[in-house]
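Reader: I've got a few things to ask about this one before I set anything up. Mind if we go through it together?

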Amino acid sequence: PEGETVTQVRGADVREWTVGPRDGGGRTLSVVLSRPQEKAYQLQVEHERPLPPLPCELTLTPLAPREVFRASGFVLVGADGAMRLVVKKAAGLTQIDRSAFTVAPLTNGTRLAPPTRSSFAYQCANFPYQLSLSAEDVVTSLQAEQRLTLSLADNDLALDAVLDVEVRDAPARELTVETEAGWNVTAVTGEHVADYDVQDQGTVRRVQVHFRNEALGRQLIILRLERTLPAAAAAFDAPVLRVAGARAERGFVALRGELGVTLRAASETGLREVPTASLPIKIPDAQFAARFKAPGWKLGVAVVREQPSISAEVFDLATFGESAVYGSSLVTYLINGAPVRTLRLGVPAEWRNLEVTGRDVRSWRLENGVCLVALQEKVVGDYTLLVTYDRPVPYAGGDVQAGGLRALDAANESGYLA
């Protein structure tokens with residue numbers, strides 16, 4: 001047929017083949033064999049033609065053998081990928097069950113892969129026949145269920161998002177997740193995820209997730225977004241994720257804060273609060289949970305910070321020498337309510353050679369009689385500091401004060417002196 005290109009001709013003893021014009025219009029494929037053939041002979045011809053832009057209509061004209069007494073056969077038509085075929089006319093053909101069509105093996109022993117979508121099988125009793133089709137794009141349909149967990153710890157916000165995306169109708173090689181530009185994407189993982197790209201378009205951050213192969217069916221994508229919250233911030237807006245092109249989006253969002261911090265809903269739009277125990281997955285220390293059935297929801301979050309309750313017990317040990325008093329103070333804290341990272345100690349002005357030791361002590365400094373102890377991590381419960389010092393004793397004698405260390409953060413303080 002005109003407009004088609006012959007790409008392969010296979011068969012036993014094929015010496016050469018050519019395509020030339022035919023009297024009366026059309027073209028003829030001529031195959032020259034190296035020796036005469038008897039009985040059954042199989043010739044395989046592959047040909048192709050470009051499709052016009054979709055949607056379109058086309059007519060398939062078969063290759064018709066010439067100079068034969070009778071010609072019959074089978075026809076299988078279909079599509080691969082995101083294309084839908086509709087048979088408009090099938091003249092000279094009888095439709096048969098798809099399972100009755102057998103793909104003949106090639107001369108090298110392999111078989112052509114049959115089409116996977118919109119396949120139709122026919123039987124023809126004579127040539128030529130006429131088969132008219134319409135072809136159109138199949139648009140990928142996405143449905144997403146989101147499981148969002150928003151956490152606050154050490155003024156660092158983290159959103160752990162699990163996206164359960166159902167890819168229907170046509171496979172997808174990538175999908176795009178949109179969120180706010182102020183959130184940093186730190187990880188995107190999944191069984192079929194190959195890579196991801198992050199691009200900003202104004203106030204929208206677009207995360208393009210690339211699959212290893214064409215994805216169809218259920219796809220699980222796990223994202224982690226992070227952002228630093230100002231230390232004095234009392235409220236913030238929860239980030240909203242949206243799967244671009246999804247026909248339906250639903251799911252839940254849960255809030256949880258570290259010990260001493262409570263996250264509450266200050267404002268809600270498009271959300272319905274539910275008990276945290278009713279969520280389909282268990283989220284430890286969840287403080288708030290809500291479900292949504294459509295995109296466009298909003299959640300304003302209030303941050304309630306509890307004040308720590310601290311009590312201290314100080315054990316002072318003083319050893320008197322000829323010209324100095326050598327002392328050590330063991331401070332045992334009991335911290336409740338909220339963890340702390342900084343502790344303050346009141347130090348007498350006469351102390352010299354001060355040293356402060358304890359678990360996870362990052363640094364300490366002495367300013368105007370106050371020793372500020374900074375810890376690497378926040379602590380709660382029991383915590384102990386050891387302070388050593390010495391102070392001079394007048395050569396002529398006199399009164400000498402022993403002890404004197406104060407735990408300035410403690411609401412109540414007790415101790416011993418030895």
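Predicted model: local features only at pLDDT ≥ 70, side-chain atom pairs only at ≥ 80, totals over all residues.

Reader: Lys 378 makes me curious about charge pairs. Which residues are joined with it into one salt-bridge network?

Author: Searching the whole structure turns up 16 salt bridges. As for Lys 378, salt bridges that share partners put it in one network with Asp 154, Glu 258 and Arg 341.

Reader: Back to Glu 367 and Arg 365: what are the relative accessibility of Glu 367 and the relative accessible area of Arg 365?

Author: Both call for the middle class, since partly exposed lies between the under 20% of buried and the over 50% of exposed. Glu 367 counts as partly exposed at 40%. Arg 365 is partly exposed too, and its value is 46%.

Reader: How many residues apart in sequence are the parts that Arg 84 and Glu 136 tie together?

Author: Arg 84 and Glu 136 form a salt bridge, with 3.2 Å between the closest N and O atoms. Arg 84 sits in strand β7 (residues 83-91) and Glu 136 in strand β10 (residues 130-137), so the parts tied together are separated in sequence by 52 residues.

Reader: Is Arg 84 buried or partly exposed, and what about Glu 136?

Author: The relative accessible area of Arg 84 is 32%, which makes it partly exposed. Glu 136 comes in at 33% relative accessibility, so its class is partly exposed.

Reader: How do β7 and β10 pair, parallel or antiparallel?

Author: The two strands belong to an open sheet of 3 strands in the order β5-β10-β7. Its edge strands are β5 (56-60) and β7, each pairing on one side only. Val 87 has Leu 133 in β10 as its bridge partner. Over 8 bridges, β7 and β10 run antiparallel.

Reader: What about Glu 214 and Arg 173: which of the two is exposed?

Author: Their side chains meet in a salt bridge, at 3.7 Å from N to O. The pair links distant parts of the chain, with Glu 214 in strand β15 (residues 204-228) and Arg 173 in strand β12, 41 residues apart. Glu 214 is at 46% relative accessibility, so it counts as partly exposed. With a relative accessible area of 55%, the exposed one is Arg 173.

Reader: Why is strand β11 (residues 141-153) called largely enclosed by the rest of the structure?

Author: It comes down to a count of residues that are buried, meaning under 20% relative accessible area. Strand β11 is largely enclosed because its buried residues number 10 of 13.

Reader: Which strand pairs with β11 in the parallel sense?

Author: First set aside strand β12 (residues 156-180), which is joined to β11 by 13 bridges and runs antiparallel. In that pairing Gln 146 stands opposite Leu 163. The parallel pairing has 11 bridges, with Leu 152 partnered by Gly 257. The strand is β18 (residues 246-257).

Reader: Which residue takes a positive phi in the hairpin of β11 and β12?

Author: That hairpin has 2 residues between its strands. Phi is near 55 degrees at one residue there, and that residue is Asp 154.

Definitions and conventions
Residues numbered from 1 in each chain as written. Heavy atoms only, no water. Buried < 20%, exposed > 50% of the residue type's maximum accessible area, 1.4 Å probe, protein only. Helix = DSSP H or I, 4+ residues; strand = E, 2+ residues; numbered from the N terminus. Pairing = 2+ DSSP bridges. Salt bridge = Lys/Arg side-chain N within 4 Å of Asp/Glu carboxyl O.
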